[in-house]
Amino acid sequence: MPQGKLCNKKPITTEDELHELLADKSGKRYYEEMQSLDVDASEIEALFRKSFKSRLKSWLEICTHCALCAESCFFYLANHKDPKQVPSYKIQSTLGELVRRKGRVDNTFMRMTMDTAWSKCTCCNRCALYCPFGIDMGVMFSYLRGICFSQGFVPWELKIGSGMHRIYRAQMDITTEDWVDTCQWMVEENEEEWPGLEIPVDKENADIIYTVNARDPSTTRKIWPMQPFCFMWPEKTGRFPVWDGKKQVWPCSPGTGKEAGCRLKPFTKV
Amino acid sequence: MYEFLTGPMVWVAFGVFGIGLTVRTVLYLRGLDWKLDRVTYSRNIPFGIKGAARSVFFWLIPLGTRSWRNNPLFTFAVFAFHLALIMGPVFLEAHSILLMERWGVGFWSLPAMVSDVLTLMVMITSLFFILRRFGMAEVRLVTSFYDILVLGIAVAPFITGFMAHHHAGSYKFWLYAHILSGEVMLMAIPFTKLSHFLLFFLARIQIGMDFGIKRGGMKSKGMVW
């Protein structure tokens with residue numbers, strides 16, 4: 001099967017496509033389609049010609065297979081020093097093979113590569129620090145992810161996530177208007193309890209930028225507004241609020257800066 | 001046979017070695033691209049140079065980096081191997097005599113005993129590497145026949161040279177084997193991972209620049225690229 005309805009090479013660019021993909025619970029149909037997704041070797045080869053240059057090429061070639069990178073990788077360490085988690089092994093068996101075979105690989109190989117690239121590497125680049133040549137498997141996996149993506153072999157959640165970013169410019173479906181509106185009615189809702197509450201938007205020459213994870217205005221509207229209150233509280237009460245994770249805010253005297261910091265530390269469970 | 005091995009073959013071997021490494025260097029430098037690598041090489045030169053120098057320097061000292069320190073025995077073997085590999089042939093009396101006979105230029109050389117020790121060091125550390133490859137699970141999985149072959153190519157000149165020097169068995173055989181294996185090694189360098197002879201420096205300079213410019217080296221200086 002060349003391209004599936006949900007699982008294909010085309011990135012998500014419209015809301016309809018996004019909702020269709022989201023509706024496929026846990027990506028059941030998506031992964032079924034992926035089992036028979038075709039691999040376009042000539043496309044991969046073309047990608048290599050354009051972007052696989054000195055640095056990546058040399059890294060794959062001069063690896064002496066010394067496995068010094070092993071102890072740098074927390075996947076290796078956390079998996080009881082499983083040899084299959086050695087960064088060199090992971091990259092040589094995926095990108096290395098892909099390069100050697102010039103993209104002429106099958107569906108099974110691409111699914112294994114996708115699995116390795118996304119669940120066996122976080123691209124933390126620690127291996128680059130431990131390798132005598134500075135070979136950076138994190139960078140190579142990042143590159144490999146791009147190749148997998150171009151062929152449609154990307155985890156369901158991440159196809160959604162990248163689609164979200166493309167459409168909403170955040171990892172969740174909160175538009176700029178949604179965000180500003182939410183700020184406004186948060187203020188309106190709580191103005192009685194907190195007179196003078198303000199969430200200024202686009203304020204010039206501000207000292208602090210307040211940003212939230214898109215998830216907050218989207219799903220945790222009840223507790224989220226507590227955060228902006230922290231900024232206005234010291235002005236009103238001369239005290240610094242502390243959040244203990246149980247929806248209770250405990251004021252405490254700031255004392256000296258260092259003292260306050262130490263006292264705040266155990267309580268900041270936001 | 002002797003004339004061929006010590007005549008045209010030498011020229012071919014050194015020619016392939018020299019031209020091969022030059023070509024590799026040029027190709028490497030041409031294949032660097034600040035947009036692909038995401039390192040602004042030509043824009044932040046001082047930081048790049050500093051990063052590159054640090055990178056090469058600390059990795060050329062035994063126990064200079066954390067990775068070396070975590071594996072002290074392996075580090076010692078690696079440094080001993082490479083030191084002996086380079087110093088041995090370059091400062092060998094027999095080679096110096098050859099040069100003197102050919103081109104009238106001698107080269108300072110080590111006492112015979114020291115050369116012997118260096119040669120044995122290459123052989124012993126190579127044995128250690130082979131044992132390590134099969135003894136440690138994480139190394140065994142990434143090891144292939146290619147790694148053993150390349151190590152064999154590198155060590156063969158030392159074994160054969162040692163045998164020839166000590167007139168063990170047939171001198172002629174070991175001598176020819178030594179010359180041929182030396183030439184094979186020289187020719188293999190540009191085409192195999194033995195190219196790390198040069199690429200170690202290029203790769204380390206590149207990653208050193210990367211870290212010096214992009215990954216923290218310019219932390220305190222305005223926009224971090």
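At what angle do the axes of helix H10 (residues 145-165) and helix H11 (residues 171-188) of chain B cross? The first legend answers this for the predicted model, and the later legends turn to other views.

**View 1. Packing of H10(B) against H11(B) in the predicted model.** The axes of helix H10 (residues 145-165) and helix H11 (residues 171-188) of chain B cross at roughly 155° and come within 8 Å. At an angle over 145 degrees, H10(B) and H11(B) are therefore roughly antiparallel to each other. Their crossing is left-handed. H10(B) contributes B:Ile153, B:Ala154, B:Ala156, B:Pro157, B:Thr160, B:Gly161, B:Met163 and B:Ala164 to the contact. From H11(B) come B:Tyr171, B:Trp174, B:Leu175, B:Ala177, B:His178, B:Ser181, B:Gly182, B:Val184, B:Met185 and B:Ala188. Divided by class, the residues of this contact are 13 nonpolar, five polar and no charged.

View 2. Of the 225 residues of chain B, 29% count as buried. Among the contacts in chain B with a separation of 6 or more, 66% are between residues 24 or more positions apart. In sequence B:Val114 and B:Gly88 are 26 residues apart, and their C-alpha atoms are 8.7 Å apart in space.

**View 3. The largest nonpolar core, with residues from chain A and chain B.** This core has 53 residues. Those with the most contacts inside it are A:Ala67, A:Cys69, A:Cys131, A:Met137, A:Met140, A:Leu144 and A:Cys148. In chain A, the elements that give two or more residues to the core are helix H2 (28-34), helix H4 (54-62), helix H6 (87-100), helix H7 (107-119), helix H8 (126-130) and helix H9 (137-150). In chain B, they are helix H9 (137-142) and helix H12 (196-214). H9(A) provides the largest share of the core, eight residues. A second, separate core has nine residues, including B:Val78, B:Phe81, B:Leu118 and B:Val122.

**View 4. Contacts of A:Cys148.** A:Cys148 is one of the residues with the most contacts inside the largest nonpolar core. When its neighbours within four places in sequence are left aside, A:Cys148 is in contact with A:Met110, A:Thr113, A:Met114, A:Ala117, A:Phe153 and A:Val154.

**View 5. Packing of H6(A) against H7(A).** Two packed helices are described by the angle between their axes and the distance between the axes. For H6(A) and H7(A), the angle is about 135° and the axes are 10 Å apart. This angle makes H6(A) oblique to H7(A). H6(A) passes H7(A) in a left-handed crossing. On H6(A), the contact is made by A:Lys90, A:Thr94 and A:Leu98, and on H7(A) by A:Thr113, A:Thr116 and A:Ala117. The class division of these residues is two nonpolar, three polar and one charged.

View 6. Chain A has 14 helices and two strands, and 27% of its 270 residues count as buried. Most residues other than glycine have a negative phi. A:Ser26 counts as exposed because it has 9 C-beta neighbours inside 10 Å. The loop between H6 and H7 of chain A contains A:Lys102. With 12 other C-beta atoms within 10 Å, A:Lys102 is exposed.

**View 7. The contact between chain A and chain B.** In this view, 28 residues of chain A are in contact with 28 residues of chain B. On the side of chain A that touches chain B, H4, H6 and H8 of chain A each supply at least two residues. H4(A) gives the most to this side, with six residues. By class, the side of chain A that touches chain B has 12 nonpolar, eight polar and eight charged residues.

Key
Residues are numbered from 1 along each chain as its sequence is written. Chains are lettered from A and ligands numbered from 1 in the order in which they are written. This is a predicted model: local features need pLDDT of at least 70, side-chain atom pairs count only at pLDDT 80 or more; totals for chains, interfaces and linings use all residues. A nonpolar core is a set of buried Ala, Val, Leu, Ile, Met, Phe, Trp, Tyr and Cys residues joined through C-beta atoms within 7 Å. A residue is buried if 20 or more other C-beta atoms lie within 10 Å of its own, exposed if 12 or fewer, and partly exposed in between; C-beta atoms are placed from the backbone. Helices (H or I, at least four residues) and strands (E, at least two) are DSSP runs, numbered from the N terminus. Two residues are in contact if their C-beta atoms, placed from the backbone, lie within 7 Å. Axes are lines fitted to C-alpha atoms, for helices over the stretch in contact, and angles run from 0 to 180 degrees between N-to-C directions. Angles under 35 degrees count as roughly parallel, over 145 as roughly antiparallel, 65 to 115 as roughly perpendicular and the rest as oblique. A crossing is left-handed if the near helix is turned anticlockwise from the far one by less than a right angle, and right-handed if clockwise. Ala, Val, Leu, Ile, Met, Phe, Trp, Tyr, Cys and Pro count as nonpolar, Asp, Glu, Lys and Arg as charged, and the others, Gly among them, as polar.
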